[in-house]
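Hi,

Here is the structure I promised to send over. Have a look at it first, and then read on for what turned up when I went through it.

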Amino acid sequence: MDTFGTPQRVLVRGEGAYVWDADGRRYLDLLAGIAVNALGHGHPTLTAAVSAQLGTLGHVSNFFATPVQVALAERLLNLAVAPEGSRVFFANSGTEANEAALKMSRRNRRPDGSARPRVLALEGAFHGRTMGALSLTSKPQYREPFEPLPGGVEFLPFGDVAALEAAFATDGDLVSALVLEPVQGEAGVRRHPAGYLARARELTAAHGALLVLDEVQTGAGRVGRWFAFQDPEIGEGIVPDVVTLAKGLGGGFPIGAVVAFGERAATLLGRGQHGTTFGGNPVAAAAALATIGVIERDALLAQVRATGDYLRAQVSACGNPLVVGARGVGLLVAVELAAPVAPQVAAAALEAGFVVNAVAPDALRLAPPLILTRDQVDDFVGFLATVPVPTPEELA
Ligand SMILES: *Cc1c(COP(=O)(O)O)cnc(C)c1O
């Protein structure tokens, strides 16, 4: 179906941070399949783990448990420093993880058993494309063709603490959940103002609402921490109720996960209230365990922080007046342009051998493999330095 438009290239092979197209041309992959290929392409440890698991036990359904599934759940709870009683639900994608989180929020009843019909989300939010996750996604072009969507969702202006407080001031106890991305990805790599997440935690806790963090894009090492909320500046020391993961978690293999913090969140969905055929299958679990294992073995979290700092500094200093600066955290970065020419610059980048994404009219998103080197950063910054500044006629 034509849902994605015409593909830009046909890619046939990948190795490390590079991919090759059908004509044999090489590209530095600074998008990593949209923040997915944490270890780059063709990583031998990931390939071996997936192959070995598929050759041992590939799929069993959730009528049964497997050692890898249990090991991954325990690993995630450890990395999340989740309290006693915490649990994990496995899905196959980000949108499915958020569907499960939304169903959990519907089960977040008041002490008398009555419903809390309100769900709060933020303007600019992207939480996925299935109907429930879409109800939490703010972009009108994504929503309107599919209305009516599941009800109760209210969108608050981004970064507005007063609006957040106002949303809880009246009927605050009818809010089942506040769902947000620690850093908004699809909205162009936007960080909340200082104090916002801490206040969100206070208000949700005071009113019995779940604080749901969508870490589908920011989690699994992308920002130089296992979870973005663990970054002191981003997370401000909060502990969420629910965190959703996908994208980078399997290093390229499809997997999603919902981490429920503490017994209350972990028991919202009872027996028979949710399900999945593929979710938590052993091959996906093995892929995620291998990805986490390499991130740890190769100390990639610290490397991501250092490479990200270097990348943002070099981009900001590249000397091209078209490039205003760089924002973001770790290896989730937006290159800020002085004019709304991101699609043209992304096309020029592809021609020059760099895969990037025009995430906003005036911003390029970089979400490269976590293994990106400084030399590779320098190659891209060399390109950025020489991108022609569009003339007023070209801009008109
Ligand atoms: C990509 C993304 C999703 C959707 O994930 P899929 O795997 O494409 O369904 C949800 N939330 C955020 C923050 C994302 O970046």
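To start with the helices: are α12 and α14 roughly parallel or roughly antiparallel to each other? Keep in mind that this is a predicted model. The axes of α12 (residues 300-316) and α14 (residues 374-386) cross at roughly 20° and come within 10 Å. Angles under 35 degrees count as roughly parallel, and α12 and α14 are therefore roughly parallel to each other. Their crossing is right-handed.

Two other helix pairs share α11, which spans residues 282-297. One partner is α2 (residues 44-56): the axes of α2 and α11 come within 9 Å, and the crossing angle is roughly 155°. That makes α2 roughly antiparallel to α11. As for handedness, α2 and α11 make a right-handed crossing.

The other partner is α3 (residues 67-79), which packs with α11 at an angle of about 40°, the axes being 8 Å apart. So α3 and α11 are oblique to each other. Here the crossing is left-handed.

Now for the ligand, which may be the part you want to open up on screen. The residues around the ligand are Ser93, Gly94, Thr95, Asn98, Phe126, His127, Gly128, Glu181, Asp214, Val216, Gln217 and Lys247. By type, that shell divides into seven polar, three charged and two nonpolar residues. Which helix gives the largest share of the shell? That would be α4 (residues 94-106), with three residues.

A few polar atom pairs are worth a look if you are zooming in. In the side chain of Lys247, an N or O atom is 2.6 Å from an oxygen atom of the ligand. Gln217 also has a side-chain N or O atom by a ligand oxygen, at 2.7 Å. With Phe126 the backbone is involved: one of its polar backbone atoms is 3.3 Å from a nitrogen atom of the ligand. And how much of the ligand does the protein cover? On its own the ligand has 380 Å² of accessible area, and the protein covers 82% of that.

Last, two bits of backbone geometry. Most peptide bonds are trans, and most residues other than glycine have a negative phi. Against that, Glu147 and Pro148 are joined by a cis peptide bond, with omega at about 5°. Pro148 sits in the loop between α6 (140-143) and β6 (153-156). Val189 has a positive phi, near 60°, and is not a glycine. You will find Val189 in the loop between β8 (183-184) and β9 (190-191).

Cheers

Terms used:
Residues are numbered from 1 along each chain as its sequence is written. This is a predicted model: local features need pLDDT of at least 70, side-chain atom pairs count only at pLDDT 80 or more; totals for chains, interfaces and linings use all residues. Side-chain values use heavy atoms; hydrogens and water are left out. A residue is near a molecule or strand if one of its heavy atoms lies within 4 Å of it. A polar contact is a pair of N or O atoms within 3.5 Å; within protein, one must be able to donate a hydrogen and the other to accept it, and residues adjacent in sequence count only if both atoms are side-chain atoms. Accessible areas come from the Shrake-Rupley method with a 1.4 Å probe; for residues, only the protein chains shown count as cover. Helices (H or I, at least four residues) and strands (E, at least two) are DSSP runs, numbered from the N terminus. Ala, Val, Leu, Ile, Met, Phe, Trp, Tyr, Cys and Pro count as nonpolar, Asp, Glu, Lys and Arg as charged, and the others, Gly among them, as polar. Axes are lines fitted to C-alpha atoms, for helices over the stretch in contact, and angles run from 0 to 180 degrees between N-to-C directions. Angles under 35 degrees count as roughly parallel, over 145 as roughly antiparallel, 65 to 115 as roughly perpendicular and the rest as oblique. A crossing is left-handed if the near helix is turned anticlockwise from the far one by less than a right angle, and right-handed if clockwise.
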